[in-house]
Amino acid sequence: MPSWKEKHGKIQTTKLLVVGAGGIGCELLKNLAATGFQNVHVIDLDTIDISNLNRQFLFRKEHVSSSKAEIATKVVKQFCPSINLGFDHASIFEEEFNVEFFKKFDMVLNALDNKKARNHVNRMCHAANKPLIESGSSGYFGQVQVIMRGKTECYECQEKPASQKTFPGCTIRNTPSEHIHCTVWAKHVFNQLFGEVDIDDDVSPDMEAEDTENPNETGNSQDDEAAKEPAPIGTRKWAESVNFDAAKVFDKLFFQDIQYLVKMDHLWKQRKPPTPLSFAVATTTGESLSFADAQNKDTSIWSIATCANVFAGCVRELLKEIKLNPDVTLSFDKDHPIIMAFVAACANVRAHLFSIHTKTMFEIKAMAGNIIPAIASTNAIVAGMIVTEAVKMIDGNADVKSSFIRNQPNPRGKKLSLNRLFQIFLEGAPYPPNPKCYVCSETREVFIYVNPAEMTVGALRDKVLMQELNMLQPDVMDTNTANVVLSSDGDTDSLLPKKLSEISIEDGAILTCDDFMQDMVLKLFIRRANHLRGDNFEIARSDKEKDEEEARKKEQEKHRLEEAENKEKLETDHKSEEEERRKRKVDEKESSEEPDVKRTKVEEKTGGEENENKILAME
Amino acid sequence: MTIEQSENVEVSKQELQIYDRQIRLWGMEAQTKLRNSKVLVIGGSQLGAEVAKTLSLAGVDEMHLVDHRFVENSEIGANFLYDASIDNTRLTKWVAAKNFLTNLNRNVKLFIVEDDILSKSDDEIESYVRGFTIVIVLDETYTRTAKLNAICHKHQIRFVAGAIYGWVGYAFFDFDGHSFLTKVEDPSSQGMTTLDDDHKNNSTAVVTVEDEQFEQKTYSYPTFSAAFNSDFSSKKAMRKCKRVIPTSYFLVKTMLRASMDSSLTGDIDKDIETLTPIWKEEVLDGNHTIEMQPVQPDKFDHLYPPEFSPTSACIGGIIGQEAIKTITEGKLPIRNIFIYSALDSTGIACDFPLS
């Protein structure tokens, strides 16, 4: 008998597209080559960073800043020259990677690190009718999902949790209670002073804010009136007016603004008020490290004096940078040492004023940069599982599995858990498609709750269609009037600033949204929600009112059935009850054999899903 | 050769940049422990490449790599450590891998030994392995693995074994007498979670992480031979066999037994005839039924080389991860045997012998 390879000849002829050459991507390309795949193409727009080197084993220090796709391809060919491995150092959103491009492959393997790209590839595979294997990892946890059009759930059949937690504005501006609130605020301060100014990122006290935690306390007491002065002026403008004098900027952020906050005494009835701190006092609070020393001590806690020192040093350096490149807008970058030091110093001073424990720059970087821990072994396992399922699929084996790696091993010696199989990889058949999915179902409907008098057409395009629904170039038509609302070629740009109601999009309107690139058409049902202000909106996969109505009906139906059953029961004689009891006994006996495993599987499956929800972002 | 424990070396600023994403997972103290650990890996197979990769990236101090065999033609193109542009068949396995591993992490000191260490006397092996933080032996026969394990067990040297049989592979762990961060159970649930009597409890300081309390506890582990010769014949064991023995265990045990008797010829058809009765015996001993096994003898060719690379990746990943856990005295490891079968995509851990 020849080796197993002869039975799996399709490995050599199958054409694969790999999207991503990062943590999972490196492992995946290695496994594919070693398994004997001959035709592989990889796309990645990223370049190599030093923090990738602990796991992206195809890359070396001298490769930092080079294209991941290019280096990965080169290194894989070094050990496996026979492979026909091509690459593109490009974004998967590029127009060249259209449906026709996807159709050239037999299967697509995702090794991505963000939801937006995952959604997009999911749609392209749906449109091209190609199987997709989706994957992710986070610390010790990983998962692999097999997606086949019409047979399994697609990546978007279930709503995914937001990748980044958001906090209410007033918590950030007025009443931080955790260090993360101060870190978010510090990032806003950076943007206000040196980056792109976003009005949503205001850093000064919010004078009109009600106390969210104690909503009954209004902010209109007489004392608070006093706090409303002076009229807030743009932070950047103000800083320019004092020539970015570090001490003055510091005093404005940490003395004057805090003074105003303290005066809003309704905020402090159940909280400890913050303590204003001037630059002069700050520089003498604790021993101070020099600016350069402090930057090197990113794993120790800085004193407040050090923070003040770092603050001043960073303001000076950032100002230089702005003056040197006046055309470039700085944006927050956790790997920019000065920006990161500025944010860490700012966050810690604010935390100190609000009696919150200060943290090291190393820790603050994780929060500010939303860093997901990542290790080589998890990625190796995930990539291994991807290739196992890929080989099964190309062999036409119907028994494909989606898997999770369980991240919480049970303690050894736990007697209870000894009684069952302990799956480290929780595998199970993929779920069937969600009939209400707006990507892969026939219905393709989304309900949006907005205030049509306030939301603009531009916001509908940018915030709803592109950001929330991940479309690339939406064309939109009002089905009632046949008016073109949005045209991806720019013909309708004059409509962008108009409110929805101005072009008669009101409650009940149905918009047909078409994305040519993703080959996707969906219906957007407009529902009025007067309580929503501005461009705010809520999105639902089904009609809330209809759902409620249906739930009510179901409840009534259930009630009727129960009543009928009860009646029947009364009529049932003793004998049949006996029979029922005997039957149950037999069931119980049988169940002590096998079903423990089955039951366990069900339990564990739910466990896995919960885990999935905990994932913030994946590699 | 003995390796003296050198004074603790701290993690440098440059290492910190490279190890950033893992330090955020296992912490600075763990990274320092890795930085001061000496690892022995015996067996330069594809699985060996996976394990060496994971531990090198993790940042151990010394990695000693043992194999006396030459690279085979079939390994070129499959083992990612080899540079296919040179003639590797004239090199022993780890020598061919040296260049890649050196560049993979220059902080790791590599020592390559082209010697069949396991063929030496117990005394010689004993004096060689003492001083290593962990000993890992891969793709070895039952007898040689058990012999090395007995020596390591005696000296409480952390021990891992693993092997790939085509599409199926196993990992075995013996961390006898070593401690792990163990969750302090809520006193109210104590009754349900008492530790086995043979577990020596050695409580030290309690650490609190996100409202959960942890303490270092040591555990006792059975030897390789004890684990792979579990007696399933007792009445108590018979009842739970179906629930606690994964069907892939019988495949692994069959291959281990075959390696013990050196009854395999390399001719797959002939060997399947040899393997089938052994496998049937193991299945029945484990109180399972032959018909219920998802993998039947017609698929036994999948237990043969070449190594199915995804299986090496999964087993290698688990071995690397568990090695890191024990070196860093981190969170609890999985049980003492882990088996992955790509034939039915299962990855299951078990605790053998049955208590």
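Analyst: What follows goes through the peptide bonds and then the phi angles.

Analyst: This is a predicted model, in which local features need pLDDT of at least 70, side-chain atom pairs count only at pLDDT 80 or more, and totals for chains, interfaces and linings use all residues. Residues are numbered from 1 along each chain as its sequence is written, while chains are lettered from A and ligands numbered from 1 in the order in which they are written.

User: Which residues does the cis peptide bond with omega of about 0° join, and where is B:Pro306 placed?

Analyst: As a general idea, most peptide bonds are trans, and most residues other than glycine have a negative phi. Here the cis bond joins B:Pro305 and B:Pro306, and B:Pro306 sits in the loop between α10 (268-285) and α11 (309-327) of chain B, where helices (H or I, at least four residues) and strands (E, at least two) are DSSP runs numbered from the N terminus. A cis bond with omega near 0° also leads from B:Phe352 to B:Pro353, and B:Pro353 falls in the segment after β11 (346-350) of chain B.

User: Where does A:Ser65 lie, and is A:Ser65 buried or exposed?

Analyst: A:Ser65, although not a glycine, has a positive phi of about 85°, and its place is the loop between β2 (39-43) and α3 (68-79) of chain A. A:Ser65 is exposed, because 9 other C-beta atoms lie within 10 Å; a residue is buried if 20 or more other C-beta atoms lie within 10 Å of its own, exposed if 12 or fewer, and partly exposed in between, with C-beta atoms placed from the backbone.
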